[in-house]
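Biologist: Before we discuss this model, I would like each label to be set against the rule behind it.

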Amino acid sequence: MGLFSSKRGAAASSCGGRQLWILLLLQIMVLVFVVGPYLAATEEFNGWLEGGNLRRPAGSPVVDPEALRLRGVNLPELNELAKQLLVRNSLPPRNRDLFPALSDDRVVIVLYVHSRPKYLELVVSSLAEVRGINETLLIVSHDGFYEEMNTIVESIRFCQVKQIFAPWSPHLYTDQFPGFTPGDCQSKDDADRLGCKGNADQYGNHRSVRIVSLKHHWWWMMNTVWDGLEETKGFNGHMMFIEEDHYMLPNAYRNIQILAKLKQEKCPDCIAVNAAPFDVKSRGEGFSKLVAEKVGNVGYTFNRTVWERIHDKAESFCTFDDYNWDITMWATIYPTFGSARYTLRGPRTSAVHFGRCGLHQGYSKSRSTECRDSSMRLGIIDEGDKVPNIDPRWPVHTFPIKGYSSGFRGWGGWGDKRDQQLCFAYSSMYSNPIIPTDH
Ligand SMILES: *[C@@H]1O[C@H](CO)[C@@H](O)[C@H](O)[C@H]1NC(C)=O
Ligand SMILES: *[C@@H]1O[C@H](CO)[C@@H](O)[C@H](O)[C@H]1NC(C)=O
């Protein structure tokens with residue numbers, strides 16, 4: 001103690017007052033310019049998270065459930081984690097420093113994921129090799145919150161990337177709707193006899209959280225990326241949608257851009273373009289023609305005009321008793337588009353669906369052909385898959401669409417009025433409330 005203070009005294013007297021002042025000034029500058037902004041940023045962020053009263057930075061358009069309630073749109077009560085996710089959704093994209101400008105003719109890529117990190121790693125590694133991806137924004141939409149999935153996305157350095165988390169994902173709630181609520185009916189329970197809660201579907205089955213989550217996520221995501229996010233709500237171009245088990249080939253982005261430009265002229269009945277054939281087992285015909293066919297689930301790409309037409313049919317989407325978003329689209333929405341319900345694609349696939357059964361695992365016997373794992377064949381990318389391989393001079397070959405019969409009423413799983421109401425609320429988050437006509 002004595003030694004310490006005497007040394008300090010000696011230093012002070014030998015260095016003199018001026019040098020001490022300079023040292024002090026330097027320290028102040030470090031505090032003000034280096035530590036300050038960091039502290040301010042984290043303080044602000046913590047401020048947003050505090051209490052139930054979410055404060056947001058000006059201009060950040062996350063959903064405000066209270067304001068919506070006043071407009072008659074009732075979203076379920078948020079739990080603490082969900083409140084934090086809602087705030088995270090308003091954070092700006094990462095990597096804006098590395099990629100400060102987006103290209104005008106960009107196709108925004110939306111990757112929607114659930115909880116398979118090994119799959120996501122593979123998909124992200126494929127996206128890193130996609131030519132042109134550094135010109136656009138990648139949005140990753142999560143159904144639930146899984147730390148491993150989040151970490152993988154945060155490691156992305158090859159383009160601007162924005163993460164969003166569905167705050168009402170059934171996976172976030174263990175004891176309240178949209179999760180399973182104590183007192184809810186299960187499977188074929190008789191609601192009247194047992195006094196449990198819920199409406200059975202047309203086949204007598206009650207809601208299952210795992211089964212309804214995907215259709216909910218898809219609809220929340222569509223509404224949010226087109227109409228909710230500051231980054232995209234003024235965007236009039238195309239968005240391409242992929243899932244966590246869709247391996248993208250290096251030419252996928254450039255091919256999609258070419259197809260999107262050709263669509264109108266080559267195929268007036270096309271409302272979308274696709275990165276892969278409707279039949280996920282097919283790698284394409286390999287002939288010198290473009291293909292017009294039914295819109296498939298791998299890399300489907302459309303613009304705002306088409307989204308608006310889909311959104312106009314929110315009521316059909318939300319009330320049709322089928323837990324599959326894609327079958328719901330096919331049975332209820334596309335038929336209202338008349339003959340214009342085709343997609344345009346190239347004769348060689350630009351994406352490979354490798355998951356076993358996709359996200360539908362085990363729920364639909366009719367789709368058991370999708371239950372395969374083609375990951376063994378991944379890793380071999382032909383030289384031809386690295387460059388665009390679509391020739392604008394090719395003619396269009398059309399595979400006629402077989403629609404659902406008019407009596408088709410869906411595969412069920414979507415009979416609970418609460419699920420339908422949540423779906424309606426999603427449709428109204430960023431636009432005028434959509435009021436169900438007969439509920
Ligand atoms: C994107 O990557 C390509 C090839 O690596 C490079 O030539 C181009 O300058 C990059 N563009 C942007 C906007 O980073
Ligand atoms: C969007 O795509 C549809 C279908 O191809 C087309 O009719 C429409 O004109 C496009 N909208 C814009 C703004 O380009």
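Biologist: In which loop does Ser-187 lie?

Modeller: Ser-187 lies in the loop between S3 and H6, where helices (H or I, at least four residues) and strands (E, at least two) are DSSP runs numbered from the N terminus. This is a predicted model, in which local features need pLDDT of at least 70 and side-chain atom pairs count only at pLDDT 80 or more, while totals for chains, interfaces and linings use all residues. Residues are numbered from 1 along each chain as its sequence is written, and chains are lettered from A and ligands numbered from 1 in the order in which they are written.

Biologist: What makes Ser-187 buried or exposed?

Modeller: A residue is buried if 20 or more other C-beta atoms, placed from the backbone, lie within 10 Å of its own, exposed if 12 or fewer, and partly exposed in between. Ser-187 has 10 other C-beta atoms within 10 Å and is therefore exposed; its phi, near 30 degrees, is positive although Ser-187 is not a glycine.

Biologist: With 17 C-beta neighbours inside 10 Å, what does Asn-95 count as?

Modeller: Asn-95 has 17 such neighbours and so counts as partly exposed. Asn-95, which is not a glycine either, has a positive phi of about 70 degrees, and is found in the loop between helix H3 (80-88) and strand S1 (108-113).

Biologist: How do you know how H4 and H5 are oriented to each other?

Modeller: Helix H4 (residues 117-128) and helix H5 (residues 147-154) pack at about 10 degrees with their axes 9 Å apart, the axes being lines fitted to C-alpha atoms over the stretch in contact and the angles running from 0 to 180 degrees between N-to-C directions. Angles under 35 degrees count as roughly parallel, over 145 as roughly antiparallel, 65 to 115 as roughly perpendicular and the rest as oblique, so H4 and H5 are roughly parallel.

Biologist: Why is one side of S3 and of S11 left without a neighbour in the sheet?

Modeller: The open sheet of 9 strands runs in the order S3-S2-S1-S4-S8-S6-S9-S7-S11, with mixed pairing. Strand S3 (160-165) and strand S11 (396-398) stand at its edges, each with a single partner strand, so one side of each has no neighbour there.

Biologist: What makes S6 and S8 a pair?

Modeller: Two strands pair if DSSP finds at least two bridges between them; S6 and strand S8 (residues 300-303) have 2 bridges, in the antiparallel sense, and Val-273 stands opposite Thr-301 in S8.
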